[in-house]
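Student: I have a new complex to look at. Can we go through it piece by piece?

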Amino acid sequence: MAIAISPRAAVAERAPAARYMKPPRRWADRAFRWLTLAMALAVIGLIILVGWQLAVGSHLAVSRFGFRFLTSSTWDPVSEQFGALPFIYGTAVSSLIALIIAVPLSIATAIYLTELAPLWIRQPLVSLIEMLAAIPSVILGLWGIFVMIPWLRAHAFPWLKSALGWTPFFNGPIYGVSMLAGGIIIAVMILPIITSVAREILRSVPNLQREAAYALGATRWEVTRIAVLSYAKNGLFGAVILGLGRALGETMAVTMVIGNTPQIKASLFAPGYTLASVIANEFTEATTDIYLQALFEIGLVLFGITILANLIAQLLLKTMKNAMTTRAVQ
Amino acid sequence: MRIGTLLIGLLGLSALGLAADASAHMTINGAGATFPYPIYSKWFDEYAKVDPSVRFNYQSIGSGGGQKQILAQTVDFGASDGPMSDDNLSKAPGKLIHIPTVAGAVVISYNLPGNPSLKLDGETIAGIYLGNIKKWNDAKITALNSGTTLPDQDIVVVHRSDGSGTSFIFTDYLSKVSADWKSKVGSNTSVSWPTGIGGKGNEGVSGQVKQTEGAIGYVELIYAIQNKMPYAELKNADGNFVKPTLESVTAAMSTAQIPDDFRFSMTNATGAQSYPIAGATWLLVYEQQKDAAKGKKLVEFLKWALSKGEDMAKQLDYAPLPDELRDRVLKRVDEIKL
């Protein structure tokens, strides 16, 4: 027993220099790990808590209106009949319009910034785009009311009507405030986030990819298309989904230009309404219980749609990846 | 590490600041209506000079929020642009008193070529907002405006999209003058509008009206005055056409039937000079105050506001209470138990 040397004694017996080489501090490592785990769990906990709160806050409305809430178009606080369909429709359509406008624009911008732009112009452009993201929503809304809407009403919409008036989408009276105006303002708001994420994705494409394509005699367009874009496809899809997430929840600016009329019309010139807008509009002055509960349920529906959109995106991404690996194997 | 120290330092400083603040003043908290916010903040500001020992903290979170907070007793007083419903009052842990403070008018603004002066009556406005009257040269409108040529133009109806006391007063008026409106739409801070587009806030409605030829919308009188918008003369219950002014609003309040709990509606009031679309705003306080010291200060403030404060109201384009009503309210304030 007496011969056994404790580890500490062993260290002490070594050369003096070794004394400074302390054993790795395991506890710090472990603490760091637990800390980050706690943070990650906190995020998940927060999501669950939000969902739970929304469910608790709306249980009366859920049990009173049931499934009808999702299929009814009546929203009448006086007779206390509530249905969310026009709002769901408005949220879906305005977000879709926003994506149709913003995705090509922002991905093209990102390609220009990473592949084509001269170096000296890149940083100023990037800063400008990031500044767009910093404009407060309500300021964009005011700009929408006083600048964008008059312009749309006087120039863009009449032109669209004369060119595409034969379709049901660009028909009917032009007020200016409309589903289309709402979609355009959302597009402006999600443009910076899609652009900056897409730019990071494209920058992460290894230069070897590009060099290999050039070596094969590819033109710049071919390099971008084959070596860069197809390589970055999944990441770009992720950028679009991030944009969609923001589009679904955009509130203030949209409320100011969409016309706030709960109706389902094919024409994009007709005013619409979104889930987020009705909450922002009516929550502060809602005095009866069932009315408040119905607004909470609107929140729950929006929460559900956002999660659903993300799940579908994950699924799509997975099938895309699978398709790619099978192709690679072949 | 340095940032951490800095943060802790800042926290400590702000904690010190808060502590100092709390020891120097008593803070009375209130929350609610947005419409009277400018005059209330003016009152609180001026009152700090009258009684430096008390500070008022008012959050304009909306009437719904104001009612909720005073019911939950998280604030010392609430504020609302509409009187509380019996249903909500029954949820209160004690007796709640409504204290009318000032009144405002809702005006009908429009955008027509040359902006001629326009006369309207309740039935016509209801017809327009129900979507039955679609053109500016409709017989109902031209009959009220002989001498003015009105264009053969579609009426673009604009209403508030956010829940608001303004919408409540407007729909309350329409429910009184039109049976059709009452049965189909009714009155509330938000309703299911039969037609038209919704603008957020006074600025949303006025923006839409100003930009769209043929538009009609309703906004607060203060807002219309400050933005130099044209507004219509309305036919009142006595059959006179009256322009909305502070005087015609106070006139309406002096003829309105006001019960002892001060929960009243003053739309479509009788009297030759009364403007028909107007409403008061209320402070909500408990008759039995929980904290005697705070209650005393609150009562002192209310008395000051109802006497001295009413003069300031006019400067900010709010209509003050008529003298008779003010005396009744002051008497009720005296009955608050500490």
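Student: Where in chain A is confidence lowest, and where is it highest?
Tutor: This is a predicted model, in which local features need pLDDT of at least 70, side-chain atom pairs count only at pLDDT 80 or more, and totals for chains, interfaces and linings use all residues. Residues are numbered from 1 along each chain as its sequence is written, with chains lettered from A and ligands numbered from 1 in the order in which they are written. In chain A, confidence is lowest in helix H1 (residues 7-13), with a mean of 48, and highest in H5(A), with 95. The score is pLDDT, the predictor's confidence in each residue, from 0 to 100. Helices (H or I, at least four residues) and strands (E, at least two) are DSSP runs, numbered from the N terminus.

Student: What does chain A average?
Tutor: Chain A has an average pLDDT of 88, and 91% of its residues score at least 70.

Student: And which residues of chain A stay under 50?
Tutor: Residues 1-7 of chain A do, and the model has one contact beyond four places in sequence for them. A contact means that the C-beta atoms of two residues, placed from the backbone, lie within 7 Å. Where pLDDT is low, the predicted coordinates should not be read in detail.

Student: Back to H5(A). How far apart are its end C-alpha atoms?
Tutor: They are 45 Å apart, which agrees with the 46 Å that 32 residues (85-116) should span at 1.5 Å a residue. The expected span is 1.5 Å times one less than the number of residues.

Student: Where does H5(A) bend?
Tutor: At Ala102(A), by about 30 degrees, and a proline, Pro104(A), follows within four residues. The bend is the angle between axes fitted to the seven residues ending at a residue and the seven starting there.

Student: New topic. How is chain B divided?
Tutor: Chain B has domain 1 (2-103 + 281-333) and domain 2 (105-278). Such bounds come from an automatic or database domain assignment. The centres of the two domains, taken over C-alpha atoms, are separated by 30 Å.

Student: How many residues are in contact between those domains?
Tutor: 21 residues of domain 1 of chain B are in contact with 19 of domain 2 of chain B. S4(B) gives the most to the domain 1 side, with four residues.

Student: And between the chains, how many are in contact?
Tutor: 24 residues of chain A are in contact with 28 residues of chain B. H7(A) gives the most to the chain A side, with four residues.

Student: What ipTM does the complex get?
Tutor: The predictor gives an ipTM of 0.77, and a pTM of 0.82.
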